[in-house]
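Have a look at it first, then read on.

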Amino acid sequence: MKVSNEILNIIPEIKTWRHELHAHPELGYEEKWTSDFVAKKLQSFGLEVHRGLGGTGVVGILKGLDANLGGGGNKAIGLRADMDALPMTEENNFSYKSKFEGRMHACGHDGHTAMLLGAAKLLASKNNFDGTVYFIFQPAEEGGGGGLAMIEDGLFEQFPMDSVWGMHNWPGMDEGNVAVHKGSVMAAADRFEVTVKGNGGHAAMPQATNDPVLATTAIVQALQQIVSRKQNPLDAVVVSVTQINAGSGFNIIPQVTDFIGTIRTVSSATRINVHKQFKEICRATALAYGCTADVSVIKGYPVTVNNIECSEKAIEVTSSIFGPGSVKTNMAPSMGAEDFAYMLEKIPGSYIWLGAGEGKSGCMLHNTKYDFNDNILPLGVTYWEQLVKSELPLR
């Protein structure tokens, strides 16, 4: 595994940044302290800094060698890290644990931000590439659509780039391993809200009612055929009903029930089909019980789809760092969602998983005892540096 002495020398500083970020978690679109921290660091490295895209987003600009030194290329790439935390109360007891109840970095965005800052510091000091690097620090990845907000505020118009790249730590995959997908990486995550209307009445006289509770239980059962009978078994789909609300008393058949949940798919075409099937099943099943169903499917993050050519480049770079045997190219996509998907819909790029090992007990993502694995800080910085040198080589 190739980690340079220059990177090893700055890891203690990057680790300190990571711990500061961990201690000061902020929720989506509230990353004021975090964006101030990021902007000050980028400015100290000599980067041009732009703020305000997506509310609290930060973009740092680093240009390579100028023309009279053999550089000055027009190619530009974007490197993205997410900054927001989760609405969870941390249960760790180390010195840098969250200072705030109900807010913690339980997904490693503190580590992502620290690694990208480390790459900015390193690349600014060496200036050994030809072109422009945009360091994109994004707010509100955890359900807030911060990536889309930055795009809508003009990210790609203000900072034209040929490709955009992302990375996420991945607990459960060994340190020193990476996963690169050629195509779908993360699922689309959509939610649904369904209201079933019937004709309520006395529980002792069900024959005088059209029971929406009975209709709802039938709908929930029928929805499972979407996965088991209406999709290719090799095409991952998850339909989960997560909450049902109905009734006001033990002896009253209600007029209305409501249920909500989530639909997750890893194919854009399947996503469209599943939405259609979902609505049809809800309405037809309700009708069979003498009820009606008002169905809303609210689109969330789209499928995160890597550009194949960019993924091949990522495989080449990671293989040179970690060794070919450590690069996983056949891992199944995750049914989790990622709003880097919005950026990949606009610009070619690739999003990789960086193995974080088993970690401490309970160290999986979105766990109240999670903590980013500092051992992989140098690996992430190395990837960013080598990717830049590969994409923007000196002439």
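What follows covers a pocket, the strands around it and a pair of helices.

This is a predicted model, so to speak: local features need pLDDT of at least 70, side-chain atom pairs count only at pLDDT 80 or more, and totals for chains, interfaces and linings use all residues. Residues are numbered from 1 along each chain as its sequence is written, and side-chain values use heavy atoms, with hydrogens and water left out.The largest pocket holds about 510 Å³ of space. (A pocket is an open set of points on a 1 Å grid over the protein atoms alone, where a 1.4 Å probe fits, with protein on both sides within 12 Å along at least five of seven lines; lining residues have an atom within 4 Å of a point. The volume is the space filled by probe spheres set on the points, which are joined across faces, edges and corners.) Its lining has 24 residues, with Glu 142, Arg 264, Gly 336, Ala 337 and His 366 nearest the centre.

Strands (E) are DSSP runs of at least two residues, and helices (H or I) of at least four, numbered from the N terminus. Strands E5, E8, E12 and E13 each give at least two residues to the lining of the largest pocket, and E13 gives the most, with 4 residues.

| Pair | Direction | Bridges |
|---|---|---|
| E8 and E12 | antiparallel | 10 bridges |
| E10 and E12 | antiparallel | 9 bridges |

Lys 197 is bridged to Val 256 in E12, while Ser 240 stands opposite Thr 262 in E12.

Now the helices: H1 (residues 5-23) and H3 (residues 109-126) pack at about 145°, with axes 9 Å apart. (Axes are lines fitted to C-alpha atoms, for helices over the stretch in contact, and angles run from 0 to 180 degrees between N-to-C directions.)

Key. Pairing = 2+ DSSP bridges.
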